[in-house]
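Here is a short briefing on one protein chain, for a reader with the model open.

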Amino acid sequence: MINDALIEEINAAYRRLGAATEDLASADCELAEYVRRVRLDNAEAILEAKNERTASLYLDGLLDTEEHRRLEDIRARAELDHQHARREVDRLHLIVRLLETRARG
């Protein structure tokens, strides 16, 4: 009975890890697409910047928008969910190893 419950808990943790991984990938893609759009929309102004530092500051200013902050927040939440899910899987693996050790002993 304990083994069945543990197996189900491990399976659920892997499902959450998979979902968190997909959310993280989706957030990364959405953020990258936003940055690409900003760069394309403002390519001429960026190219006109005299040096790399000026271009970087200009682009940073363009990315300082509500939409960019929202996308960064979504990405950060996805990253945190992903980390939690990975720790949960690691915790369950430790429990399994402990139970295996007890069963042998």
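**Fold and charge pairing in brief**

The protein chain has four helices and zero strands; helices (H or I, at least four residues) and strands (E, at least two) are DSSP runs, numbered from the N terminus. The model is predicted: local features need pLDDT of at least 70, side-chain atom pairs count only at pLDDT 80 or more, and totals for chains, interfaces and linings use all residues. Residues are numbered from 1 along each chain as its sequence is written, and side-chain values use heavy atoms, with hydrogens and water left out.

**Overall form**

- Along the sequence, the pattern reads α-α-α-α.
- The C-alpha trace spans about 70 × 20 × 15 Å along its principal axes.
- The radius of gyration of the protein chain is 22 Å, whereas a compact globule of 105 residues would have one near 13 Å. This radius is taken over C-alpha atoms, and the globule rule is 2.2 Å times the number of residues to the power 0.38.
- Of the contacts with a separation of 6 or more, 80% are between residues 24 or more positions apart. Contact means heavy atoms within 4.5 Å.

**Surface and charge**

- Buried residues account for 24% of the 105 residues. Buried means under 20% relative accessible area, exposed over 50%, and partly exposed in between (1.4 Å probe, protein chains only).
- The accessible surface totals about 7,800 Å², and carbon and sulfur atoms hold 55% of it. Areas come from the Shrake-Rupley method with a 1.4 Å probe; for residues, only the protein chains shown count as cover.
- There are 17 positive and 23 negative side chains, with the centres of the two sets 5 Å apart. Lys and Arg count as positive and Asp and Glu as negative, while His and the chain ends are not counted. Each charge is placed at NZ of Lys, CZ of Arg, CG of Asp or CD of Glu.

**Salt bridges**

- Side chains of opposite charge can pair when their charged atoms come close.
- The count is 10 salt bridges, each a side-chain nitrogen of Lys or Arg within 4 Å of a carboxyl oxygen of Asp or Glu.
- Arg91 pairs with Glu9, with the closest N and O atoms 2.9 Å apart. Arg91 is partly exposed at 38% relative accessibility, and Glu9 is partly exposed at 31%.
- Arg75 forms a salt bridge with Asp28, at 2.4 Å between the closest N and O atoms. This pair also links distant parts of the chain, with Arg75 in helix H4 and Asp28 in helix H1, 47 residues apart. Both ends are partly exposed: Arg75 has a relative accessible area of 25%, and Asp28 has 31%.
- Arg70 bridges to Glu30, where the closest N and O atoms are 3.9 Å apart. Arg70 in helix H4 and Glu30 in helix H1 are 40 residues apart, and the pair links distant parts of the chain. Arg70 is partly exposed at 39%, and Glu30 is partly exposed at 35%.
- Asp28, Arg75 and Glu79 belong to one network, joined by salt bridges that share partners.

- Glu88 is in helix H4.
- Glu88 is buried, with a relative accessible area of 19%.
- Setting aside neighbours within four places in sequence, Glu88 is in contact with Ala13 and Arg16.
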